[in-house]
Amino acid sequence: MSKPQNPVQMAVIGAAHGIKGELRVKTFTGEPMALADYGPLYARDGRAFQITDIRPANTVVVVRFKGVSDRNAAEALAGTELFVDRSMLPDDGEEDEFYHADLIGLEIRDDTGAAIGKVVAVHNFGGGDILDVTLAGRKGVLIPFTQAAVPAVSIAEGFVRVDPVAAGLVEDEDADADAPREEDFDPKGRPRGPRGAGGNR
């Protein structure tokens, strides 16, 4: 197989491990050891990587790739993102599990069903998945990919529905009602407390 036409990122290569060409690899698979089950992995530039050995190591796996036999060769690969084609992945996940590649390009609809934007990327900076969307011509709008903010996803129909308040797209009117208003501020009023500290006792 050549370079993936519909790439899905499976892992990213980290630091070299030892002197024999092994590498620490962070996987994005449900089971880290399953990385070896997908056949060759591909870099963005089309280079293929064949796993010849894999073992767990704390939060990553230690991998030996075919043709990488010393530390210098391994160090040159640090930061390389590894992909497979979407067609290599199964479609039998849980109902609320989605591949990032399947979410990109979906229409964003609000709670009335009106189309308001499009998903352009999915990120995860360590705190959970985040949808990167365009809304009314604005790029780089980030929406947390949570049940509250994105209550419905339909890959088949090509859309995700967002709750504008939970997604942080509009102000919560109830929260605003509890906030102090500028017209309620009395500059002559002093807080209770010792007079020496500016209070009224």
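**Entry 1, the model.** I am working with a predicted model, in which local features need pLDDT of at least 70 and side-chain atom pairs count only at pLDDT 80 or more, while totals for chains, interfaces and linings use all residues. Residues are numbered from 1 along each chain as its sequence is written, and side-chain values use heavy atoms, with hydrogens and water left out.

I looked up nonpolar cores, meaning sets of buried Ala, Val, Leu, Ile, Met, Phe, Trp, Tyr and Cys residues joined through side-chain atoms within 4.5 Å; buried stands for under 20% relative accessible area, exposed for over 50%, and partly exposed for what lies in between (1.4 Å probe, protein chains only). The largest core has 25 residues, and the members that touch the most others are Met10, Val25, Leu35 and Phe65. At least two residues each come from strands S1 (7–17), S2 (22–27), S5 (51–57), S6 (60–65) and S7 (81–85), and S1 supplies the largest share, 5 residues. I take helices (H or I, at least four residues) and strands (E, at least two) as DSSP runs, numbered from the N terminus.

I then followed Phe65, counting a contact as heavy atoms within 4.5 Å. Leaving aside residues up to four places away in sequence, Phe65 touches Ile13, Leu23, Val25, Phe49, Gln50, Ile51, Thr52 and Leu82. There is also a second, separate core of 16 residues, including Leu131, Leu135, Ala149 and Val162.

Side chains of opposite charge can pair when their charged atoms come close. Taking a salt bridge as a side-chain nitrogen of Lys or Arg within 4 Å of a carboxyl oxygen of Asp or Glu, I find a count of 7.

Arg64 pairs with Glu22, with the closest N and O atoms 3.6 Å apart; this joins distant parts of the chain, since Arg64 is in strand S6 and Glu22 in strand S2, 42 residues apart. Arg64 is partly exposed at 25% relative accessibility, whereas Glu22 is buried at 11%. I also noted that Glu22, Arg55 and Arg64 are linked in a network of salt bridges.

Glu81 and Arg44 meet at 2.7 Å, N to O. Glu81 is partly exposed at 27% relative accessibility, and Arg44 is exposed, with a relative accessible area of 55%.

Arg86 forms a salt bridge with Asp102, the closest N and O atoms being 3.0 Å apart. Arg86 lies in the loop between S7 and helix H2 (100–103) and Asp102 in helix H2, so this pair ties together parts 16 residues apart in sequence. At 12% relative accessibility, Arg86 is buried.
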